[in-house]
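Here is a short tour for someone meeting this protein for the first time. Have a look around, then read on.

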Amino acid sequence: MEKLRIVFMGTPEFAVGILDTIIKSNYEVVGVITAADKPAGRGQMLKYSAVKQYALEHNLKLLQPTNLKDETFLSELQSLNANLQVVVAFRMLPEAVWRMPKLGTFNLHASLLPNYRGAAPINWAIINGETKTGVTTFFIDDKIDTGAMILSKEIEISAEENAGALHDRLMVLGSTAVIETLALLEKGDVKTIIQKDNSEIRTAYKLNRENCKVDWTKSATEIHNLIRGLSPYPCAWCIIKNNGEEWSVKLFEAKIIFENHTLKIGQIITSKQDIKVAVKDGFIQIVSLQLPGKKKMLTKELLNGITFSEKAQAE
């Protein structure tokens with residue numbers, strides 16, 4: 001039984017949940033590595049990562065390197081005398097870093113590898129209409145999310161679940177997976193599985209403005225999956241044209257109405273409480289949205305102040 005001395009690497013809220021579980025499970029965390037502070041917002045004030053905030057609150061040794069190959073950083077990392085590194089939602093590590101500890105460096109990834117390697121696995125699982133996903137721990141190698149797998153845990157995705165809700169459930173599941181992985185490493189009882197590539201593997205591409213835009217020519221199910229797969233962040237969006245104005249609108253929640261119709265794709269139909277967009281196999285009913293410069297609101301709140309013309313269109 002080898003006592004673990006852990007360096008934890010991570011940046012967002014998802015990583016905080018894992019780090020907190022490690023601490024509360026009485027493992028020794030000798031250092032935390034997170035992203036450098038970045039200017040954010042209109043005032044460009046320096047913003048801490050969620051992991052840095054946690055580390056400061058719990059008096060953990062903190063390093064924020066801008067260059068992971070920098071000799072000063074590597075020397076500081078070495079001086080922590082860790083025998084294991086745990087990585088959750090951080091960045092690609094150079095070999096000098098991931099090879100450093102005796103027991104290696106393992107990563108928690110929010111998918112059932114080898115599927116959804118990449119930057120946005122939670123979002124893409126929903127966007128692609130998956131009914132299950134999970135988490136995987138694996139030893140890091142010189143590529144992205146390709147290393148030998150330690151263990152996986154599976155979870156169902158409900159038909160209406162959005163990325164935010166799934167994120168929170170996977171954080172809990174991931175915490176369990178990490179603690180089980182730590183126990184295996186303590187006992188020297190790790191048996192890995194090599195990932196096998198094939199043409200069916202799906203990728204979790206980085207999200208950008210282009211792949212977050214709604215294509216109203218797609219099926220109602222595909223559009224609904226995109227909206228919930230990007231909610232609450234970064235959000236699906238579209239252009240709405242109404243009464244000579246054009247708005248870039250974020251879509252947070254929608255429902256599907258399967259119905260035959262002869263309306264033009266993208267045509268907007270409104271009532272006192274509803275906004276529906278015509279698609280090829282029915283309608284997308286918009287439940288909540290956000291106009292430029294406004295707060296997120298329910299559709300019925302928007303309709304209290306805006307009237308849509310019969311020629312209103314979503315593009």
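Leu 170 touches Phe 14, Ala 110, Ile 122, Thr 133, Gly 134, Val 135 and Ile 155, leaving aside residues up to four places away in sequence; a contact here is heavy atoms within 4.5 Å. This is a predicted model, where local features need pLDDT of at least 70, side-chain atom pairs count only at pLDDT 80 or more, and totals for chains, interfaces and linings use all residues. Residues are numbered from 1 along each chain as its sequence is written, and side-chain values use heavy atoms, with hydrogens and water left out.

Leu 170 is also one of the residues touching the most other members of the largest nonpolar core, along with Phe 8 and Ile 22, among others. Such a core is a set of buried (under 20% relative accessible area, 1.4 Å probe, protein chains only) Ala, Val, Leu, Ile, Met, Phe, Trp, Tyr and Cys residues joined through side-chain atoms within 4.5 Å. Helix α6 gives the most to this core.

| Core | Size | Some members |
|---|---|---|
| Largest | 41 residues | Leu 84, Val 86, Phe 106, Leu 182 |
| Second, separate | 36 residues | Cys 238, Ile 239, Val 249, Leu 303 |

Now for a helix pair: α1 (residues 13–24) and α2 (residues 50–57) pack at about 30°, with axes 8 Å apart. That makes α1 roughly parallel to α2, a label for angles under 35 degrees. On the α2 side, Ala 50, Val 51 and Tyr 54 make the contact.

Which residues of α2 are buried? They are Val 51, Lys 52, Tyr 54 and Ala 55. These cover an arc of only 160° around the axis, so they sit on the same side of α2. Their cover includes β1, α1, β2 and β5.

Methods:
Axes fitted to C-alpha atoms, helices over the stretch in contact; angles between N-to-C directions. Helix = DSSP H or I, 4+ residues; strand = E, 2+ residues; numbered from the N terminus. Parallel < 35°, antiparallel > 145°, perpendicular 65-115°, else oblique. Buried < 20%, exposed > 50% of the residue type's maximum accessible area, 1.4 Å probe, protein only. Arc of directions from axis to C-beta.
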